[in-house]
Amino acid sequence: MSHKSEAEYIATTHNTARFFVDHRQVGFVLLVAVLLWGWYGYVGMPKRKDPQIPVRVAVASTPWPGATAEEVEQLVSRPVEQTLAQNPHIKAPTPADFGIRSLSFPGLSLAYVQLDDSVTDTKKQFADINLKLNALNSKLPQGAGPIQFNSDFGDTATLMLTVAGPPAGDVEIALRARAIQNVIRQTRGAEPRNSPQPRIGIVYSFPLSVSAGLIRDSFAAVIRNAAENNAVADPHFFEGSGFLGVDVTSKLSDEQLRAFGKDWAAENLHRSEIHPDAWKPIFIRDPVETNTRLAAVAGDKYSYRELDDYTDLVSRTLQGAPEVAKIDRKGVLPEQIYLDYSQERLASYGLQPSNLKDILGARNITLPGGQIEVDATSVQIDPSGKFTSPQQIGGVIVGSTSSAGQSPVYLRDLVDISRGYQSPARYLNYLTWADKNGAWHRSRAVTLAVQMKDADQILVVTEAQQGASPFDMFANQRILADIARKNPNVDTFMSAVGGGNCGVSLGAPNYGRMFFHLKPRSERKQSVDEIMAEMRPKLNSLPAMKAFLQNPPTIRIGGTFTKSLYQFTLQGTNIDELYKSSQGFEKEMAKIPTLLDVSSDLQLKSPQMTVQLNRDRASSLRVDREDAPVGLDRLGRPAHRHLHDAEIVMSIRV
């Protein structure tokens, strides 16, 4: 084979490189097209750290404790599926995908729904489905539900904050041990000299915030059973702050007594019936050993109720940050009021367990009492009657005796009322940690999942004269809303008046609020503070209403929601002196030139009428809890109402 020269290779070889060398103009055009294509792709590419991806899948979970999987499928899953199918935008099922599918477990139903790919506003469709499911709750079997519809799979928890209670400290253990030691010595000193020996003190401890009444009955039942089985004898009960105990005599060892208690609890109690805040019991033969034995079984310092209160405060504080969209708490153990009753005793008074629910529901409804308009003043009606403590539940009249006097029968005469945790608990959360010696421990905990949102907001709190008419509030608020609408930096805004329950309300009816969501920073030249300085004189142009503008902080730690960013709280034991001093302090603060929007939350000029409802009298006249607010609400009608000095004369048309 002969060797080819370079001239022959150049003349006979054709490839891509040769083409672009011979046609440079084509290569230049393609190069420009690729650059433009890359620039377009870069500009149109999402650049968010957490991009918004529309989620089209949601799940409806329905608990039904005690039901079998077949019962859940027939009576819960199928009705939920039929309700989900009422939405016209459900995705059509295919062999590889689903529109609606459900899973039925013993005691639980899960129904998944997926929207069609053409749906752009998924929140609107999910809200429609949620409304339909809420209407289905009343049609479910007794004990089933409520339906929990979760469509927030697209939300990302930016911050996970776990709050766990530390173990009881040495100081608390020492103080508690000293109290237990003194009570044991006093109890044994009061016993007869010929009491059987040896003496053993059995002590059951719990956090100081837990009432002893929640544990006393079950503790006494264990001791009575032990005495009947000759495990212990000659019991002498005692109790103190944070503990219950009994001093007994027994021939069994500590391990045998502990084993007896475990066996009795396993046979007579469910695990969920053991109080979750209680410590393990201790057996004290010599009071000097109390501190050592108590330290060996010491539990957490705080109860579930205290963790609930603390994390609720943290949650409400973080919710004030403009970047926070939603906060979920996991591991909270809800509290409930338990009514222990005897069916025979209820039947003797002609009552059924279902009647108790209706009676309590009729008394514990919070309904508005309406308001009275006196000239340009609005007077609020506040009817009483709702339950604020378990003791008030026992004071409800449920019937009358069959004797000639027909004395009233109270609920406390028929049932035992106690306050406790949800049993059994549906979800518990724990934190596992290691101490300085490397030993692992587990403590109860509550986790807060914080979901974030975009910022660029301005909060405006409006305040009218105390006792201002709602119509005046609406008119003035509308004028301010029109002023805000004309600002070119405002993208969207929300306006509302009255106390309300929007999460950022000051409670009084003469307050209003507006949220301004500004355009993105790249589309406006002014900062948030500059926009506020421009809008402040315009929003305060009305003499009948003041406007307080805020640039909400990212995170608000402590304090309460007010009309300004900085707060100064006055405290005192004399309420009259406190009112007088706070007004003078406000005037002096307003004189400082560097301070803006100085105000106070003191509301003393707004008239209010309080109506005390005699529940016993109302019950004897067969007036339900709902009837009183209905009658009071009629006072708000524009019929004849006059105010003469300190007397209110009302003529009501019915």
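This is a predicted model: local features need pLDDT of at least 70, side-chain atom pairs count only at pLDDT 80 or more; totals for chains, interfaces and linings use all residues.
**Stop 1: the largest core**

Start with Val-80, Ile-129, Leu-133 and Phe-149. These residues have the most contacts inside the largest nonpolar core, which holds 21 residues. In soluble globular proteins, nonpolar side chains tend to be buried together.

Now centre on Phe-149. Which residues does Phe-149 touch, leaving aside those up to four places away in sequence? Select Ala-58, Val-59, Ala-60, Val-113, Phe-126, Ile-129, Asn-130 and Leu-133 to see these contacts.

**Stop 2: a second core**

Move on to Ala-464, Leu-480, Ala-484 and Phe-516. They belong to a second, separate core of 20 residues.

**Stop 3: a nonpolar patch**

Switch to a surface view. Select Trp-37, Trp-39, Tyr-40, Tyr-42, Val-43 and Met-45. Together they make a nonpolar surface patch of about 840 Å². Zoom in on Trp-37, which sits in helix α3 (residues 24-44). Why does Trp-37 count as exposed? Its relative accessibility is 68%, and the cut-off for exposed is over 50%.

**Stop 4: two cis peptide bonds**

Return to the backbone. Select Gly-145 and Pro-146. The peptide bond joining them is cis, with omega about 0 degrees. Pro-146 lies in the loop between α5 and β4 (148-150).

Then select Gln-197 and Pro-198. Their peptide bond is also cis, and omega is near -5 degrees. Look for Pro-198 in the loop that runs between α6 (170-190) and β6 (199-205).

**Stop 5: two positive phi values**

Go to Asn-230, in the loop between α7 (213-228) and β7 (233-240). What is the phi of Asn-230? It is near 60 degrees, a positive value in a residue other than glycine. Asn-230 counts as exposed because its relative accessibility is 69%.

Finish at Asp-234, in strand β7. Phi is positive here too, near 50 degrees, and this residue is likewise not glycine. Asp-234 counts as partly exposed because its relative accessibility is 27%, a value that falls between the 20% and 50% cut-offs.

How values were computed: Residues are numbered from 1 along each chain as its sequence is written. Side-chain values use heavy atoms; hydrogens and water are left out. A nonpolar core is a set of buried Ala, Val, Leu, Ile, Met, Phe, Trp, Tyr and Cys residues joined through side-chain atoms within 4.5 Å. Buried means under 20% relative accessible area, exposed over 50%, partly exposed in between (1.4 Å probe, protein chains only). Contact means heavy atoms within 4.5 Å. Patches are made of residues with over 30% relative accessible area and no salt bridge: like charges are joined within 9 Å, nonpolar side chains (Val, Leu, Ile, Met, Phe, Trp, Tyr) within 5 Å. Accessible areas come from the Shrake-Rupley method with a 1.4 Å probe; for residues, only the protein chains shown count as cover. A salt bridge is a side-chain nitrogen of Lys or Arg within 4 Å of a carboxyl oxygen of Asp or Glu. Helices (H or I, at least four residues) and strands (E, at least two) are DSSP runs, numbered from the N terminus.
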